[in-house]
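Please examine the structure below; the questions that follow set its computed values against the definitions behind them.

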There are 2 protein chains.
Amino acid sequence: MKRVGKQSWEFENKPRIIGASSVVGPEEGEGPLKDYFDYVYDNLELGEKTWEKAERRLFEHAAQMAIANAGISKNDLQFFVGGDLMNQIISSSFSARQLGVPYLGLFGACSTSMESLALAALIVDSGGGDKVLAGTSSHNCTVEKQFRYPTEYGAQKPPTAQNTVTGSGCAVVSSTGKGPIVTRATIGRVMDLGIKDPFNMGAAMAPAAADTIIAHFRDTGLEPGYYDLVVTGDLASVGLPIAKDLLEKEGIPMEQTVFNDCGLMIYDLKKQTYVFAGGSGCGCSATVTYGHLLKRMEQGELNKILVVATGALLSPLSYQQGETIPCIAHAVAIEKEGAN
Amino acid sequence: MKRVGKQSWEFENKPRIIGASSVVGPEEGEGPLKDYFDYVYDNLELGEKTWEKAERRLFEHAAQMAIANAGISKNDLQFFVGGDLMNQIISSSFSARQLGVPYLGLFGACSTSMESLALAALIVDSGGGDKVLAGTSSHNCTVEKQFRYPTEYGAQKPPTAQNTVTGSGCAVVSSTGKGPIVTRATIGRVMDLGIKDPFNMGAAMAPAAADTIIAHFRDTGLEPGYYDLVVTGDLASVGLPIAKDLLEKEGIPMEQTVFNDCGLMIYDLKKQTYVFAGGSGCGCSATVTYGHLLKRMEQGELNKILVVATGALLSPLSYQQGETIPCIAHAVAIEKEGAN
């Protein structure tokens, strides 16, 4: 592998996704991508007594399914690279306990989906492992409870709010085998333009998404038109137009490509009005990428995509102490073999 | 770089620590290692209005000092790899905001010190970056408040409890320059032998430390006597004897080397009785390694060391929900150039 520009990696040994999975909850199962997901739970409890245990079950289910879809056993994995939104990333770490695979825990809020894929690709590309599992999860009720209010309170939300996706997505990155290739990654820097409102994450995260997209094209020398699709993590209906504006001001020709957002794709905003501005959470970009986008690649509808997962790095405590919201975005390019 | 055995990496391009730092609080400044630390604060507030802001200041101070000690500017850094114990790793992420360097956030509880060093070495060794900052922090008052009780309550503790270190340690890993070489890393798996008592972390973490040490010697084919010192992260007076017993049962000849623990080294347990079984926290192994051990290497007293940072991956919520404590340990070998 080699570093290109300031903050991007080009993987030279074709690390590839040989198996992936997407497991979601009932709201995502009512959305436009429902037929793409590998498994849809019709309830939020998953047979567990707490929301946190339910999220962990979701993650464990997705991890097992990705391993099965890759046609390997968990003993073939060298490493598991994962994280989630819970304090001390308990969903990920307790899943790692069940897997028993050497484990690197991450926290990048909702950007963890692509942070984990970038690091898994780095490990495989550099010879540090033949097969590495990357994954993340979120659950609507764990996240709302931890960051805002327990859903049971029925608290009202402003229209800029987003709906945390209940879902987990995992991928097995391998040095050999068949599957789309992870070709590049751009690691983002923390951006904070002073937004304090935790009900307006899209606006807070948009500058981070734009900054990483600008860095990606600057570092790689590519143009947006190189990709069939550039998709952000969870900017939703408020953040995506802001990111578009910021990129336009920087002269990045995003009209050359399709520019969309996982948080807008996962729900039908007109019918599912309870999602407000769209989806969010680690599970949003993970399930849309590993469920929907990889299948569209397999079906020949997409050849080259750039997934720009966004994350808001606040904590309830940092908010209570008057801090603004630092945000980050990590971009990973996935390409069909022979697509060049 | 190449993978050796199941879960270890051998770095082939000599990633080296060209500058490091250790910044601690008053209790650590009263301990036996006081003269080794780069900076000792005589108070816990650091001029800030909250404990969390104080911890962040500690981290920012250590990051700036490591960069200065490396003789570079922050613009020379490609990446910052870090984490801490706070929910949503706010100490690390807010420090990343100040640094403005592309950032990979980690969570491995107290094992984050060596998780970040292993990943920084991986990035540098594989050509993914020329200069990468690794670091972590903890603060006694933020951690006690988040995981147990605010220190202001004056809650009593059992003798198995440990004292969270107020400190931050950072290192600049570089592909060129002078400094001790990061030669190997072993990534641990999650171990959980059923301990539930959050006031007995040493006992909970000992099996993870032993498992990673066993894996390290199995994977690399080395014997403990290869190292001048094998040091665990924060097992303290309860955990270290358990780890010793476990290793003895597995026939690992630890008597060939000096086997110690950062949590025992950082305080004088006889004089500083308020630390109970010893030190803990991300800042414990980070400041002992980057403050004390690297200086002893520079002075020629140590040539080859293996630092096995341990972490307890519980959250207050997982404990409240009756879960046992999953633990992990990551080992990194650091050697003086030409020590072979």
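Q: Where is the place of Ala109(B) in chain B?
A: Ala109(B) sits in the loop between β6 and α4 of chain B; helices (H or I, at least four residues) and strands (E, at least two) are DSSP runs, numbered from the N terminus. The model is a predicted one, in which local features need pLDDT of at least 70, side-chain atom pairs count only at pLDDT 80 or more, and totals for chains, interfaces and linings use all residues. Residues are numbered from 1 along each chain as its sequence is written, chains are lettered from A and ligands numbered from 1 in the order in which they are written, and side-chain values use heavy atoms, with hydrogens and water left out.

Q: Why does Ala109(B) count as buried?
A: Buried means under 20% relative accessible area, exposed over 50%, and partly exposed in between (1.4 Å probe, protein chains only). Ala109(B) has 1% relative accessibility and therefore counts as buried. Its phi is positive, about 50°, although Ala109(B) is not a glycine.

Q: What makes Lys14(B) partly exposed?
A: The relative accessibility of Lys14(B) is 42%, so this residue counts as partly exposed. Lys14(B) belongs to the loop between β2 (8-10) and β3 (16-24) of chain B. Its phi, near 55°, is a positive value in a residue other than glycine.

Q: How do you know that the span of helix α6 of chain B agrees with its number of residues?
A: The expected span of a helix is 1.5 Å times one less than its number of residues. For the 20 residues of α6(B) (residues 201-220) this gives 28 Å, and the end C-alpha atoms are 28 Å apart, so the two agree. Just after α6(B), Gly221(B) has a positive phi of about 75°.

Q: Why is α6(B) described as largely enclosed by the rest of the structure?
A: Of its 20 residues, 18 are buried, so α6(B) is largely enclosed.

Q: What makes α2(A) mostly covered?
A: In α2(A), 15 of its 19 residues are buried. Gly71(A), with a positive phi near 70°, follows α2(A).

Q: How many residues of chain B are in contact with chain A?
A: Contact means heavy atoms within 4.5 Å, and 59 residues of chain B are in contact with 59 residues of chain A. The area buried between the two chains is about 4,600 Å², of which carbon and sulfur atoms give 60%; buried area is the accessible area (1.4 Å probe) that two parts lose on being put together, summed over both.

Q: Why does Ala96(B) count as buried?
A: At 0% relative accessibility, Ala96(B) counts as buried. Ala96(B) lies in helix α3 of chain B. Not counting residues up to four places away in sequence, Ala96(B) touches Val190(A), Phe80(B), Val101(B) and Tyr103(B).

Q: Why does His330(A) count as buried?
A: His330(A) has 1% relative accessibility and so counts as buried. This residue is found in strand β15 (residues 327-335) of chain A.
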